[in-house]
Amino acid sequence: MRRVIAGAMQFVRRVIAGAMQFVRRVIAGAMQFVRRVIAGAMQFVRRVTAGAMQFVRRVTAGAISLIVRIFYY
């Protein structure tokens, strides 16, 4: 009887250990996925910001040149 109980306990421990490992893997995978998504979003935001800045610079440069032209002509 003791052997049966010991065997059952060992089996349960193995199952729990396996489940824990599986959960850890899933969490690690999810974390990696989240990191990738965040990294992608950050890159996208940087690109958009850079584009917007360039656009603003162009517009500002154009406006300044226009004002200079108006004043000088």
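Visitor: Which residues form a nonpolar patch on the surface?
Guide: That would be I64, I67, V68, F71, Y72 and Y73. Together they have about 820 Å² of accessible area. Keep in mind that this is a predicted model.

Visitor: Where does I64 lie?
Guide: I64 is part of helix α1, which covers residues 2-72.

Visitor: OK, zooming out. How many helices and strands are there in the protein chain?
Guide: One helix and zero strands.

Visitor: What does the C-alpha trace span along its principal axes?
Guide: About 105 × 10 × 5 Å for the protein chain. The radius of gyration is 31 Å, while a compact globule of 73 residues would come out near 11 Å.

Visitor: What share of the residues counts as buried, then?
Guide: 0% of the 73 residues. The chain exposes about 7400 Å², and 69% of that comes from carbon and sulfur atoms.

Visitor: New topic: G51. Where is that one?
Guide: G51 sits in helix α1. With 35% relative accessibility, G51 counts as partly exposed.

Visitor: How far apart are the C-alpha atoms of G51 and R35?
Guide: They are separated by 24 Å, with the two residues 16 apart along the chain.

How values were computed:
Residues are numbered from 1 along each chain as its sequence is written. This is a predicted model: local features need pLDDT of at least 70, side-chain atom pairs count only at pLDDT 80 or more; totals for chains, interfaces and linings use all residues. Side-chain values use heavy atoms; hydrogens and water are left out. Helices (H or I, at least four residues) and strands (E, at least two) are DSSP runs, numbered from the N terminus. The radius of gyration is taken over C-alpha atoms; the globule rule is 2.2 Å times the number of residues to the power 0.38. Buried means under 20% relative accessible area, exposed over 50%, partly exposed in between (1.4 Å probe, protein chains only). Accessible areas come from the Shrake-Rupley method with a 1.4 Å probe; for residues, only the protein chains shown count as cover. Patches are made of residues with over 30% relative accessible area and no salt bridge: like charges are joined within 9 Å, nonpolar side chains (Val, Leu, Ile, Met, Phe, Trp, Tyr) within 5 Å. A salt bridge is a side-chain nitrogen of Lys or Arg within 4 Å of a carboxyl oxygen of Asp or Glu.
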